[in-house]
Amino acid sequence: MLGEGILKGMAETAKNFVGSYFSAERLTTVQYPEERIAPYEAARVFPFLVFDGGDWEAGLRCVACQICEKECPPKCIFIEKSKDKKPDALGKPQYYPTRFDIDISVCMSCQICVEVCPFEAIKMDTEFELSTDDRFGGLLYNRGQLAKSNEYYHKIHATEAAKVDAHLAAEKAKSDAKTKTAADAAAAKAAAKPAGAGD
């Protein structure tokens with residue numbers, strides 16, 4: 001029937017309107033900021049950088065590959081790569097960002113930076129109260145301001161964070177097994193060499 005969807009929508013609105021006078025469950029308005037609704041786990045506002053361990057600089061997962069900077073539609077991410085390397089979460093020597101800035105005033109919360117990151121280093125936050133009277137400098141977040149712990153990530157996106165940790169643990173186990181196999185092969189080769197030389 002023509003207009004059936006409109007009638008259903010109006011009926012739902014009328015039910016909530018009338019019900020709000022009799023049932024607390026129908027009250028959808030909260031007295032913000034005294035009252036707050038817990039954010040949905042899938043909510044996304046602005047990006048942040050994940051770090052492991054207690055030190056954000058040492059534990060930062062980002063390896064300055066700059067994929068997120070290249071893929072960002074409004075071009076609000078600015079990264080400078082280090083000249084030296086440090087071990088990443090898997091123990092591999094990797095470059096790291098000496099500068100990682102996001103201009104929050106330009107970011108459109110599209111989550112493309114999260115989707116393209118191969119190191120699970122950038123995720124979407126649920127924090128939205130970022131107002132400031134400094135229009136330019138106050139909304140340009142550096143890597144220190146963007147860095148948040150893996151525990152914080154688990155707190156706001158528990159399901160997703162558990163999957164990411166399981167994936168990273170599997171990758172680390174695979175990397176460790178490969179390293180051990182290579183070391184064992186090298187040791188076996190070294191042990192076999194003197195025996196062959198004595199013949």
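Predicted model: local features only at pLDDT ≥ 70, side-chain atom pairs only at ≥ 80, totals over all residues.
Phenylalanine 48 and tyrosine 153 are both buried. Phe48, Tyr152 and Tyr153 are linked into a cluster by ring pairs.

**Aromatic rings**

- A pair of aromatic rings is described by the distance of the centres and the angle of the planes.
- The count of aromatic pairs comes to 4.
- In one of them, the ring centres of phenylalanine 48 and tyrosine 152 are 5.6 Å apart and the planes stand at 85 degrees, so this pair is edge-to-face.
- Phenylalanine 48 is part of strand S1 (residues 47–51) and tyrosine 152 is part of helix H6 (residues 150–156), so the pair ties together parts that are 104 residues apart in sequence.
- Phenylalanine 48 has 2% relative accessibility and counts as buried because the cut-off for buried is under 20%.
- Tyrosine 152, at 23% relative accessibility, counts as partly exposed.
- Phenylalanine 48 also pairs with tyrosine 153: the centres are 6.3 Å apart and the planes are at 65 degrees, so this pair is edge-to-face as well.
- This second pair links distant parts of the chain, with phenylalanine 48 in strand S1 and tyrosine 153 in helix H6, 105 residues apart.

**Charges over rings**

- Lysine 148 has its charged end over the ring of phenylalanine 48, at 5.9 Å from the ring centre.
- Lysine 81 has its charged end over the ring of tyrosine 95, at 5.2 Å from the ring centre.

**The sheet**

- Strands of a sheet pair through backbone hydrogen bonds, either parallel or antiparallel.
- Here an open sheet is formed by 3 strands in the order S2-S5-S7, with antiparallel pairing.
- Strand S2 (77–81) and strand S7 (140–141) are the edge strands, each pairing on one side only.
- Strand S2 is joined to strand S5 (residues 97–103) by 5 bridges, and the two run antiparallel.
- Lysine 81 stands opposite proline 97 of S5.

**Nonpolar cores**

- In soluble globular proteins, nonpolar side chains tend to be buried together.
- The largest nonpolar core has 27 residues, and Ile77, Phe100, Ile102, Ile104 and Ile122 have the most contacts inside it.
- At least two residues of this core come from each of S1, S2, S5, helix H4 (112–116) and strand S6 (122–124).
- Leaving aside residues up to four places away in sequence, isoleucine 104 touches Phe46, Leu130, Leu139 and Tyr141.
- Another core, of 6 residues, lies apart from the largest one, and its members include Phe48, Tyr153, Ile156 and Val164.

Technical notes: Residues numbered from 1 in each chain as written. Heavy atoms only, no water. Pairing = 2+ DSSP bridges. Helix = DSSP H or I, 4+ residues; strand = E, 2+ residues; numbered from the N terminus. Phe/Tyr/Trp six-rings, centres within 6.5 Å; stacked < 30°, edge-to-face > 60°. Buried < 20%, exposed > 50% of the residue type's maximum accessible area, 1.4 Å probe, protein only. Lys NZ or Arg CZ within 6 Å of the ring centre and 35° of its normal. Core = buried A, V, L, I, M, F, W, Y, C linked by side-chain atoms within 4.5 Å. Contact = heavy atoms within 4.5 Å.
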